Amino acid sequence: MKRADIPIAIALARENVGASDALPATAILVRRLDRDAEYVLVQLGAPGEPGWVAAVDPAHDDVMSCAANPSRRSTAPAAPGSGLTRGEVEWVWRPSAHSLSPLYPLLRITTDAGEQFVDLAGVVYDSLPDAHA
């Protein structure tokens, strides 16, 4: 997926919920771990005001999942600040016991010591057990 796909994802999310182009939007790329694919997590609305969140696959013009977000708080964990983590950081998702919905990706931190996954609450996991575990 290219960064140029982000505006397409935002437009698809806005169209899906009937929002105007003036409604603020933020977006992050999320890599799927259950298949070779990515999607864009789109947050619509002004911070602290009601809005929406959508998982969008712009390559297939598909809004995979969408929900109201009454608080407009992010549904993705924040990336660590500069210097706090040494290693590769990316947002990822696959159905797991730690996240059943693509609307709630995890932050994956990969270092020489291995990988860890951080959820929205800041809880750190060493693995992603299946959703049925």
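## Strands 3 and 4

Ala54 has Cys66 in strand 4 as its bridge partner. Helix 1 (residues 5–17) packs on the sheet and touches strand 1 (25–32), strand 2 (37–44), strand 3 and strand 4; contact means heavy atoms within 4.5 Å. Strands (E, at least two residues) and helices (H or I, at least four) are DSSP runs, numbered from the N terminus.

Strand 3 (residues 51–57) pairs with strand 4 in the antiparallel sense, over seven bridges. Pairing requires at least two DSSP bridges between two strands. Asp57 stands opposite Asp62 in strand 4. Four residues separate the two strands of this hairpin, and Asp61 in the turn has a positive phi of about 50°.

## Basis of the model

This is a predicted model: local features need pLDDT of at least 70, side-chain atom pairs count only at pLDDT 80 or more, and totals for chains, interfaces and linings use all residues. Residues are numbered from 1 along each chain as its sequence is written, and side-chain values use heavy atoms, without hydrogens and water.

## Salt bridges

The structure holds six salt bridges (a side-chain nitrogen of Lys or Arg within 4 Å of a carboxyl oxygen of Asp or Glu). Glu90 and Arg108 meet in one at 2.8 Å, N to O. Glu90 lies in strand 5 (residues 88–93) and Arg108 in strand 6 (residues 106–111), so the pair ties together parts 18 residues apart in sequence. Glu90 is buried at 16% relative accessible area (buried is under 20%, exposed over 50%, partly exposed in between; 1.4 Å probe, protein chains only). Arg108 is buried too, at 13%. A network of salt bridges links Arg31, Glu90, Arg108 and Glu115.

Note on methods. Axes are lines fitted to C-alpha atoms, for helices over the stretch in contact, and angles run from 0 to 180 degrees between N-to-C directions.
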